[in-house]
Amino acid sequence: MKFFILILAGAAMADPVPSPPPEAEDRILSHCRSLSHIISSGNWHNTSNIPFFRVLPPETFRERAEYLGLDEHIDLKAIGHWIHRATVHPLRPVLIEVGGGYGRVIEYLMQEYHHADLLTFEHVPTYARMLENRFGDFENVRVFARGFMERIPRFRRGYLRADAIFFLWSTFIEFNHREQRSVARRIKRLLRSEGVAFIDLPVNDESGGLGKMIINGSAVGDEVSHNVNGRVWHGFIPTSNYLHEMMEGAGLKCLDEIHSTLHNAPPPTPPHPHT
């Protein structure tokens, strides 16, 4: 299974966003036409996946992470120098993870960036409670039992701002194509001027990394779904070009892409793209 991580910069490192040229407007219209059949294939949104995750025990994700090598935090180590760049200057940096799951990312960040405030958004109630039970006693960890696009919580007696935002293990694709544009704007709003955001996407190719998923393809991405005992998980995987345009349209600068390969053969358990 292959994945790539897109690394985004906040305002201070981003160039001013110019008005789109006419050819860009034509491209956007083309994208809209390409999305038309995706819209008709099903009306789902980020919260539609909550019932799917409610019935999955944490062991499912732990086993999957171990198989893929994510339990060794290969994705976080691959972006380590970028995380360091975002956290080296603030006295108390703020790191936000979206989709806390069983705590894989928070556990790593606690070990490597113990001087930082670590915040995680988790909208699946059972997982939010588990995270609170596991990390609630740590002064520098906050668990927000809500979705990333819900009301922004206040933090440190003020508005929440972040030095780094993490969408790892494919959390970003659990938003539909319309929501993803809103997510990009929310990232822009929350990132400090020197902040960095990370978006990890799976790559669907001959390696079969997405397993036996139903895929509806288009020029701008793939809508995917997975059914386990009547509970359906939905996702939208944008193409690299469409993702770049989406983020740059929100005022974020794409700094780098990191491509990597996880273990190739799918395990007997179904794939669950969630942190």
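Visitor: Between which strand and which helix is the loop where tryptophan 169 is found?

Guide: This is a predicted model. Tryptophan 169 has a phi near 50°, a positive value in a residue other than glycine. The loop that holds tryptophan 169 lies between strand S7 (162-167) and helix H8 (177-190).

Visitor: Is tryptophan 169 buried or exposed?

Guide: The cut-off for a buried residue is a relative accessible area under 20%. Tryptophan 169 has a relative accessibility of 4%, and therefore it counts as buried.

Visitor: Where is asparagine 229 found, and is this residue buried or exposed?

Guide: Asparagine 229 has a positive phi of about 55° although it is not a glycine. Its place is the loop between strand S10 (221-228) and strand S11 (231-238). Exposed means over 50% relative accessible area. Asparagine 229 has 78%, so the residue is exposed.

Visitor: How many helices and strands does the protein have, and what share of its residues count as buried?

Guide: The protein has nine helices and 12 strands. It exposes about 12600 Å², of which carbon and sulfur atoms supply 52%. Of its 275 residues, the share that count as buried is 53%.

Visitor: Where is histidine 89 found, and is it buried or exposed?

Guide: Histidine 89 belongs to the loop between helix H5 (80-87) and S2. Its relative accessibility is 70%, so histidine 89 counts as exposed.

Visitor: Which residues of strand S3 are buried on each side?

Guide: Strand S3 covers residues 117-121, and five of its five residues are buried. Both faces are covered. On one side are Leu118 and Thr120, and on the other are Asp117, Leu119 and Phe121.

Visitor: How many bridges join S2 to S3, and which unit do they make with helix H6?

Guide: Strand S2 (residues 94-98) and S3 run parallel, joined by five bridges. Within this pairing, isoleucine 96 has leucine 119 of S3 as its bridge partner. With helix H6 (residues 104-112), S2 and S3 make a right-handed β-α-β unit.

Visitor: How many bridges join S3 to S4, and which unit do they make with helix H7?

Guide: S3 and strand S4 (residues 141-144) run parallel, joined by four bridges. Leucine 118 stands opposite valine 141 in S4, and threonine 120 has valine 143 as its bridge partner in S4. With helix H7 (residues 125-135), S3 and S4 make a right-handed β-α-β unit.

Visitor: How many aromatic pairs does the structure hold, and why is the pair of phenylalanine 53 and phenylalanine 61 described as it is?

Guide: The structure holds nine aromatic pairs. In one of them, the rings of phenylalanine 53 and phenylalanine 61 have centres 5.9 Å apart and planes at 35°. Both phenylalanine 53 and phenylalanine 61 are buried. Planes under 30 degrees apart count as stacked and over 60 as edge-to-face, so with planes at 35° this pair is tilted.

Visitor: Which elements have the lowest and the highest mean pLDDT?

Guide: The protein averages a pLDDT of 81, and 77% of the residues score at least 70. Residues 14-41 stay under 50, and residues 205-211 are also below 50. Where pLDDT is low, the predicted coordinates should not be read in detail. Among the elements, the lowest mean is 42, for helix H1 (residues 22-41), and the highest is 97, for S2.

Conventions: Residues numbered from 1 in each chain as written. Predicted model: local features only at pLDDT ≥ 70, side-chain atom pairs only at ≥ 80, totals over all residues. Heavy atoms only, no water. Helix = DSSP H or I, 4+ residues; strand = E, 2+ residues; numbered from the N terminus. Buried < 20%, exposed > 50% of the residue type's maximum accessible area, 1.4 Å probe, protein only. Areas by Shrake-Rupley, 256 points an atom, 1.4 Å probe, with all protein chains shown as cover. Phe/Tyr/Trp six-rings, centres within 6.5 Å; stacked < 30°, edge-to-face > 60°. Pairing = 2+ DSSP bridges. Right-handed = clockwise from strand over helix to strand, strands pointing away. pLDDT = per-residue confidence, 0-100. Contact = heavy atoms within 4.5 Å.
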